[in-house]
Amino acid sequence: MQTVGRRLGVDDAVIPARAAPPATRLAWNRLDLLWVVVVAALLGAGMLKSQGAFSYRWDWSSVWPYFVKTDVLTGQWAPNLLLQGLMTTLRLALWGMLIATLVGLVMGWMRNHARLLLRMVASAYVMTVRNIPPVVFVFIFVYFISNQFMPFLALDQRVSALPVEVQLFLSFLFGPMELINNFFLGLVCLSVFSGAYVTEIVRAGSDSVPRGQTEAARSLGMTNLDIMIRVVWPQALRNVLPSLTGQFIQLIKDSSLVSLVSIQELSFMAQDVQVSTQRVFEVFVLTAVIYFCICFTLSQVFAYLERRHGRAY
Amino acid sequence: MTTPLIDVQNLNKWFGQQHVLRDVYLKINAGQKVVICGPSGSGKSTLIRCLNQLEHHQEGLIYFDGRLVDQHQPYLQDIRRDMGMVFQQFNLFGHMTVLQNCVVPQMRVLGLSEQAARERAMQLLERVRIPEQANKYPAQLSGGQQQRVAIARSLCMQPKVMLFDEPTSALDPEMIKEVLDVMTELAQSGMTMLCVTHEMAFARRIADTMVFMDQGCLVEQANPEDFFERPQSSRTQTFLSQIL
């Protein structure tokens with residue numbers, strides 16, 4: 001009888017392991033290079049041709065002072081409109097993510113609740129917000145909903161009654177205290193809007209955790225709240241982290257929408273600066289770069305979290 | 001006469017229009033080892049899942065330790081705590097290490113300190129002969145190891161009865177023995193056990209009562225010797241002749 005390969009006998013029981021051949025990976029080839037050259041040439045030709053028609057003289061010098069100004073009285077440096085707007089945008093983004101997440105967790109939990117009423121409330125919330133355009137939502141929220149409760153909160157009056165140190169601390173967290181009403185309005189609007197999308201992510205995440213996990217937790221006598229916090233959500237988070245990243249980036253970009261109702265964040269300030277400097281294109285490009293930097297940083301942070309979170313199990 | 005630990009009276013359950021448990025009566029005394037067998041779809045799993053209300057029954061009464069088991073009882077969590085359950089698919093918490101799987105429920109449900117929970121967890125992991133895996137994640141373990149951790153996790157809650165829902169059905173053949181050995185040891189220690197399984201040799205070794213179910217009915221209940229040697233109903237005879 002003929003044996004295939006090496007015969008396994010008593011003396012040579014195991015075929016010795018060999019190193020794996022080097023991995024072959026498709027990198028650049030000549031065709032790719034050709035494509036890049038062709039596209040670059042076309043772009044270059046287009047730019048040369050349009051130079052006569054589109055003669056814009058870029059002038060950035062008048063824009064920079066809107067980041068940092070020198071205070072006339074003290075002679076010290078102080079943040080100007082663009083930097084102030086950037087700070088407001090960052091505050092809106094951070095608090096917005098936090099509140100939208102809380103709203104999303106509560107609503108997402110209600111969306112899968114055994115009680116019909118809670119399910120209906122959560123569905124109504126999601127359906128309403130998701131099915132009207134963001135711009136329309138902002139206006140409706142500000143003119144019809146927020147003025148049902150904002151006047152009663154009277155945040156600025158409450159804040160001015162507080163000790164100075166507390167006010168300083170609050171202004172570090174929420175921006176200038178004289179604008180607290182304005183900031184809070186924008187924050188609530190943005191959080192309610194984004195919260196609806198987070199709700200759906202929370203629901204999808206909870207559904208992605210196998211039933212057996214909940215059953216095991218239940219069989220051990222854990223409470224429903226414990227089951228959510230200890231068992232379901234941690235595992236759901238891993239499954240939905242990529243979509244949550246997307247939603248948070250969306251939230252930062254959506255924060256520019258509240259400029260429509262005079263919340264003084266980055267894009268609102270940018271429009272101001274456009275008017276006063278007349279450098280429309282420069283300011284647009286600058287605004288785009290700033291938003292890109294914020295969002296890109298955030299996506300890198302989440303990519304890191306994803307890697308770290310995914311490694312554990 | 002002592003009151004039974006578990007007393008099921010006239011239990012009926014439907015999934016939609018399907019009548020999956022029909023007039024089931026079952027009494028289990030403390031220390032008893034009951035093995036339920038029967039063809040798939042006969043309602044074995046549903047019966048033991050009704051005991052700790054992972055499934056809700058529509059008719060009938062279940063008493064556990066003198067208390068009525070019902071989905072609306074405020075003490076349902078206490079009842080579940082006192083009934084350990086081991087699943088076919090192990091259902092270890094994937095985001096926790098083996099040790100955390102055993103420690104976290106003790107802290108949350110029994111209110112133990114982390115120190116005390118850790119000590120008890122390690123004792124039980126040793127009892128299921130797996131202490132060296134304490135800091136691994138479930139996905140890094142074999143099926144047999146995972147199932148033994150699941151048994152330890154249930155035992156951590158110091159249950160009065162252990163429910164096993166086909167604990168070896170999802171295991172590779174070479175891993176079944178290690179799980180059955182742990183279960184045998186548990187039976188010998190005097191734990192009250194209710195076990196759905198197809199492992200008839202194991203059933204014969206540990207059971208003091210055999211129960212046969214078919215089409216939602218509890219067909220026959222007898223001690224192992226009578227059950228295997230002199231089955232009464234023709235359905236039991238057919239079933240046994242097919243699997244033995």
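The model is predicted, so to speak of local features requires pLDDT of at least 70, side-chain atom pairs count only at pLDDT 80 or more, and totals for chains, interfaces and linings use all residues. Residues are numbered from 1 along each chain as its sequence is written, while chains are lettered from A and ligands numbered from 1 in the order in which they are written.

Let me start with the interface. Here 17 residues of chain A are in contact with 20 residues of chain B, contact being defined as C-beta atoms, placed from the backbone, within 7 Å. On the chain B side, the elements giving two or more residues are α2 (76–82) and α3 (98–110) of chain B. Helices (H or I, at least four residues) and strands (E, at least two) are DSSP runs, numbered from the N terminus. That side of chain B has ten nonpolar, six polar and four charged residues. Nonpolar covers Ala, Val, Leu, Ile, Met, Phe, Trp, Tyr, Cys and Pro, charged covers Asp, Glu, Lys and Arg, and the others, Gly among them, are polar.

Next, the helix pair. In chain A, helix α2 (residues 81–111) packs with helix α10 (residues 266–277) at an angle of about 165°, with axes 7 Å apart. Axes are lines fitted to C-alpha atoms, for helices over the stretch in contact, and angles run from 0 to 180 degrees between N-to-C directions. α2(A) is therefore roughly antiparallel to α10(A), the term for angles over 145 degrees. Among the residues that meet are Leu82(A) and Leu86(A) of α2(A), and Phe268(A) and Val273(A) of α10(A).

In chain B, an open sheet of six strands has the order β6-β7-β8-β3-β9-β10, with mixed pairing; strands pair if DSSP finds at least two bridges between them. β6 (83–86) and β10 (217–222) of chain B stand at the edges with a single partner strand each, so one side of each has no neighbour in the sheet. Strand β9 (residues 209–214) of chain B runs antiparallel to β10(B), joined by five bridges, and Phe212(B) has Glu220(B) as its bridge partner.

Finally, which residue other than glycine has a phi near 65° in chain B? Phe90(B) does, in the loop between β6 and α3 of chain B. Phe90(B) is buried, with 23 C-beta neighbours inside 10 Å. Gln278(A) also has a positive phi, near 65°, but is exposed, with 11 other C-beta atoms within 10 Å. Buried means 20 or more such atoms, exposed 12 or fewer, and partly exposed in between, with C-beta atoms placed from the backbone.

How values were computed: Contact = placed C-beta atoms within 7 Å. Parallel < 35°, antiparallel > 145°, perpendicular 65-115°, else oblique.
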